[in-house]
Amino acid sequence: MSAVARFRSVVVDCPDPHALARFYAQVVGGTPEREDDDPDWLVLRVPGGPRLAFQRSPGHTPPEWPRADRNAQQFHLDFDAGSTWDEIDAAEERVLALGARVLDKEDDVKKDFRVYADPAGHPFCLCRIESG
């Protein structure tokens, strides 16, 4: 089946696109850039990955995690943070220092991931991806 379109970006609404773009640049690399001289829109070209774009959303209300009835999570980002729990622990220490907060670490060994919120409240996961 032929594609209708090519994937371009994941766009994240947030109260401060500059701050959130800097957070994710420190998590995955890259440099946030403005496009079209719009101060409310930044793009992060993730090395080896998709573009992440950040747009100002006045009155932004972060999702409540975990909820399914109202203000539920609509999407989340998964990051491969290594194949060992030592690597996950080190990645966790770094994202917490950047302003993330823990949402769920229960049963992480069984689930192979931990859930965090970025500084704007969007959930993301640090995943343990076993090599081999």
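This is a predicted model: local features need pLDDT of at least 70, side-chain atom pairs count only at pLDDT 80 or more; totals for chains, interfaces and linings use all residues.
View 1. Strands here are DSSP runs of E with at least two residues, and helices are DSSP runs of H or I with at least four residues, both numbered from the N terminus. Two strands count as paired if DSSP finds at least two bridges between them. Residues are numbered from 1 along each chain as its sequence is written, and side-chain values use heavy atoms, with hydrogens and water left out.

**View 2. Strands β7 (residues 113–117) and β8 (residues 123–127) run antiparallel, joined by five bridges.** Look for Tyr116, which stands opposite Phe124 in β8. Contact means heavy atoms within 4.5 Å.

**View 3. Another open sheet of four strands goes β1-β4-β3-β2, again with mixed pairing.** The edge spots belong to β1 (9–14) and β2 (32–34); each has a single partner strand, so one side of each is left without a neighbour in the sheet. From one strand to the next, the twist averages 30°. Helix α1 (residues 17–28) lies across β1, β2, β3 and β4 (51–56), and its direction is about 160° from that of β4.

**View 4. Pro32 has its place in strand β2.** Three bridges pair β2 with strand β3 (residues 41–45) in the antiparallel sense, and the bridge partner of Pro32 in β3 is Leu44. Pro32 is partly exposed because its relative accessible area is 23%; buried would be under 20%, exposed over 50%, and partly exposed is anything in between (1.4 Å probe, protein chains only). Setting aside its neighbours within four places in sequence, Pro32 is in contact with Ala21, Arg22, Ala25, Leu42, Val43 and Leu44. Leu77 is 45 residues from Pro32 along the chain, and their C-alpha atoms are separated by 18 Å.

**View 5. Phe23, Tyr24, Phe54, Phe79, Tyr116 and Phe124 form one aromatic cluster.** Rings of Phe, Tyr and Trp (its six-membered ring) pair if their centres lie within 6.5 Å; planes under 30 degrees apart count as stacked, over 60 as edge-to-face and the rest as tilted. Searching the whole structure turns up seven aromatic pairs. Phe23 and Tyr24 are edge-to-face, because their ring centres are 5.0 Å apart and their planes are at 85°. Phe23 counts as buried at 3% relative accessibility, and Tyr24 does at 1%.

**View 6. Tyr24 and Phe79 make a tilted aromatic pair, 6.2 Å centre to centre with 40° between the planes.** The pair links distant parts of the chain, with Tyr24 in helix α1 and Phe79 in strand β5, 55 residues apart. Both Tyr24 and Phe79 are buried.

Note on methods: Axes are lines fitted to C-alpha atoms, for helices over the stretch in contact, and angles run from 0 to 180 degrees between N-to-C directions.
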